[in-house]
Amino acid sequence: PWALAFLPDGGMLVTERPGRLRIVGADGRPSEPVQGLPAVDATGQCGLLDVVVDPKFAETKLVYWTFAEAGEGGNSTAVARGRLEGNRLTDVQVIFRQLPKVSSSLHCGSRIVFARDGRLFVGLGDRFSRKEDAQTLDNHLGKVVRIEPDGKLPADNPFASTPGARPEIFSRGHRNIQ
């Protein structure tokens, strides 16, 4: 699996599931792997997933990506951003983490889309063994979340004031968004 994002100079960023990000120039030649990515848990369908550049990339040089992040309980899909400087990402920070972490290598899902208002929509898989959780609001499994570009919560998210709900949820009931 791989994803790509177009750069203003005619090149593109391409993800490779094992945890590599490359710049493919307008001439079609791939770079050496971009340095600065956080650790990626590349097992099964999980790994380095989607990538998108900031709508104002020419000014900000910000790149956003999703990846499987290992931790206590297994792994989950995370969203990170960093500034692309040559062949290196700097100022890297994880701005969102799917909860809970799950012991699974399936259905990590993940697409990132910038909305017209500048917010991010992130599609998250149900992790296969937790399909029923896609319908509940107390987790991020099988959901689309909406966050600000810095990871903060938009106050007008549909479930932001619902007791017991994860406030980042924008829609629920999705199996595996890929």
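# Close-up views of a predicted model

View 1. S4 and S5 run antiparallel and are joined by 4 bridges. Within that pairing, Leu-48 has Phe-67 in S5 as its bridge partner.

**View 2. The largest nonpolar core.** This core holds 19 residues. Those touching the most other members are Leu-13, Leu-21, Val-51, Val-63, Trp-65, Leu-84 and Leu-89. Two or more residues come from each of strand S3 (20-24), strand S4 (48-53), strand S5 (62-71) and strand S6 (74-85). Apart from this core lies another, of 13 residues, including Tyr-64, Ile-95, Phe-96 and Ile-147. In soluble globular proteins, nonpolar side chains tend to be buried together.

**View 3. The surroundings of Val-63.** Which residues does Val-63 contact, leaving aside its neighbours within four places in sequence? Leu-13, Val-51, Val-52, Val-53 and Phe-57 are among them.

**View 4. The ring pair of Tyr-64 and Phe-114.** The structure has 2 aromatic pairs. In the pair of Tyr-64 and Phe-114, the ring centres are 5.3 Å apart and the planes stand at 85 degrees, so the geometry is edge-to-face. Tyr-64 sits in strand S5 and Phe-114 in strand S8 (residues 111-114); the pair links distant parts of the chain, 50 residues apart. Are these two residues buried or exposed? Both Tyr-64 and Phe-114 are buried. Tyr-64 also belongs to the core of 13 residues.

**View 5. The ring pair of Phe-121 and Phe-170.** Phe-121 and Phe-170 form an edge-to-face pair, 4.9 Å centre to centre, with 75 degrees between the planes. Phe-121 is in strand S9 (residues 120-123) and Phe-170 in strand S11 (residues 169-172), so the pair ties together parts 49 residues apart in sequence. Phe-121 is partly exposed, at a relative accessible area of 22%. Phe-170 is partly exposed too, at 32% relative accessibility.

**View 6. The hairpin of S8 and S9.** S8 and S9 run antiparallel, with 4 bridges joining them. The two strands form a hairpin with 5 residues between them. In the turn, Gly-118 has a positive phi of about 90 degrees. Phe-114 stands opposite Leu-120 in S9. The covered face of S8 carries Ile-112 and Phe-114; Arg-111 and Val-113 are on the uncovered face. In a regular strand the side chains alternate between the two faces of the sheet.

**View 7. The disulfide of Cys-46 and Cys-108.** How many disulfides are there? The count is 1. The sulfur atoms of Cys-46 and Cys-108 are 1.9 Å apart. The link is right-handed, with 80 degrees about the S-S bond. Cys-46 lies in the loop between S3 and S4, Cys-108 in the loop between S7 and S8; this pair links distant parts of the chain, 62 residues apart. Both cysteines, Cys-46 and Cys-108, are buried.

**View 8. Gln-93 beside Ala-80.** Gln-93 is part of strand S7. Its relative accessibility is 35%, so Gln-93 counts as partly exposed. The C-alpha atoms of Gln-93 and Ala-80 are separated by 5.5 Å, although the residues are 13 apart along the chain. Not counting residues up to four places away in sequence, Gln-93 touches Val-79, Ala-80 and Arg-81.

**View 9. Backbone exceptions.** Most residues other than glycine have a negative phi, and most peptide bonds are trans. The peptide bond joining Leu-99 and Pro-100 is cis, with omega about 0 degrees. Pro-100 lies in the loop between S7 and S8. Ser-110 is in the loop between S7 and S8 as well. Ser-110 has a positive phi, near 105 degrees. At 2% relative accessibility, Ser-110 is buried. Asp-91 also has a positive phi, near 50 degrees. Asp-91 is placed in strand S7. With 56% relative accessibility, Asp-91 counts as exposed.

Methods: Residues are numbered from 1 along each chain as its sequence is written. This is a predicted model: local features need pLDDT of at least 70, side-chain atom pairs count only at pLDDT 80 or more; totals for chains, interfaces and linings use all residues. Side-chain values use heavy atoms; hydrogens and water are left out. A nonpolar core is a set of buried Ala, Val, Leu, Ile, Met, Phe, Trp, Tyr and Cys residues joined through side-chain atoms within 4.5 Å. Buried means under 20% relative accessible area, exposed over 50%, partly exposed in between (1.4 Å probe, protein chains only). Contact means heavy atoms within 4.5 Å. Rings of Phe, Tyr and Trp (its six-membered ring) pair if their centres lie within 6.5 Å; planes under 30 degrees apart count as stacked, over 60 as edge-to-face and the rest as tilted. Two strands pair if DSSP finds at least two bridges between them. A disulfide is a pair of cysteine sulfur atoms within 2.5 Å.
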